[in-house]
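Have a look at the sequence and the model first.

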Amino acid sequence: ATLEQGLTSNFALVNADIDNLAADGRTNIGQGLLVGQNEIATNGRAAPVVRVLVLLTDGVANRKSNPTQ
């Protein structure tokens with residue numbers, strides 16, 4: 001899982017990054033959530049803001065979070 005765009009208030013940049021996403025047949029939903037949670041924890045605003053994570057996926061999880069499993 002990769003972080004394509006860090007937290008930003010630049011909606012045009014976010015939309016451009018979404019438009020440039022391409023499915024490659026590998027989906028690791030758990031790792032995607034972990035990367036997103038880490039970004040929010042590291043760069044998100046402190047309470048009382050509402051933190052929201054949006055996960056975009058190309059399908060069913062077919063990669064494990066731990067490559068040794």
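Which segment does Val50 lie in? Val50 sits in the segment after helix 2.

## Ground rules

This is a predicted model, so to speak with its own entry rules: local features need pLDDT of at least 70, side-chain atom pairs count only at pLDDT 80 or more, and totals for chains, interfaces and linings use all residues. Residues are numbered from 1 along each chain as its sequence is written, and side-chain values use heavy atoms, with hydrogens and water left out.

## Overall layout

The protein has 2 helices and 0 strands. Both terms refer to DSSP runs numbered from the N terminus: H or I with at least four residues for helices, E with at least two for strands. Along its principal axes, the C-alpha trace spans about 35 × 25 × 15 Å.

Of the 69 residues, 10% count as buried. Buried means under 20% relative accessible area, exposed means over 50%, and partly exposed is in between (1.4 Å probe, protein chains only).

## The nonpolar patch

Back to Val50: it counts as exposed because its relative accessibility is 73%. Val50 also belongs to a nonpolar surface patch of about 620 Å², together with Ile18, Leu21, Val52, Val54 and Leu56. Patch members need over 30% relative accessible area and no salt bridge, with nonpolar side chains (Val, Leu, Ile, Met, Phe, Trp, Tyr) joined within 5 Å and like charges within 9 Å. A salt bridge here is a side-chain nitrogen of Lys or Arg within 4 Å of a carboxyl oxygen of Asp or Glu. Accessible areas come from the Shrake-Rupley method with a 1.4 Å probe, and for residues only the protein chains shown count as cover.

## The largest pocket

The largest pocket holds about 1,600 Å³ of space. Its lining has 40 residues, and the closest to the centre are Thr2, Leu3, Glu4, Gln5 and Val54. Helix 1 (11-19) and helix 2 (29-43) are the elements that give two or more residues to this lining, and helix 2 has the largest share, 7 residues.

A pocket is an open set of points on a 1 Å grid over the protein atoms alone, where a 1.4 Å probe fits, with protein on both sides within 12 Å along at least five of seven lines; lining residues have an atom within 4 Å of a point. Grid points are joined across faces, edges and corners, and the volume is the space filled by probe spheres set on them. By class, the lining has 19 nonpolar, 12 polar and 9 charged residues. Nonpolar covers Ala, Val, Leu, Ile, Met, Phe, Trp, Tyr, Cys and Pro; charged covers Asp, Glu, Lys and Arg; the others, Gly among them, are polar.

## Around helix 2

Gln31 is in helix 2 and counts as partly exposed because its relative accessibility is 22%. Leu55, in the segment after helix 2, is partly exposed at 35%.

A cis peptide bond, with omega about 20°, joins Ala47 and Pro48. Most peptide bonds are trans.
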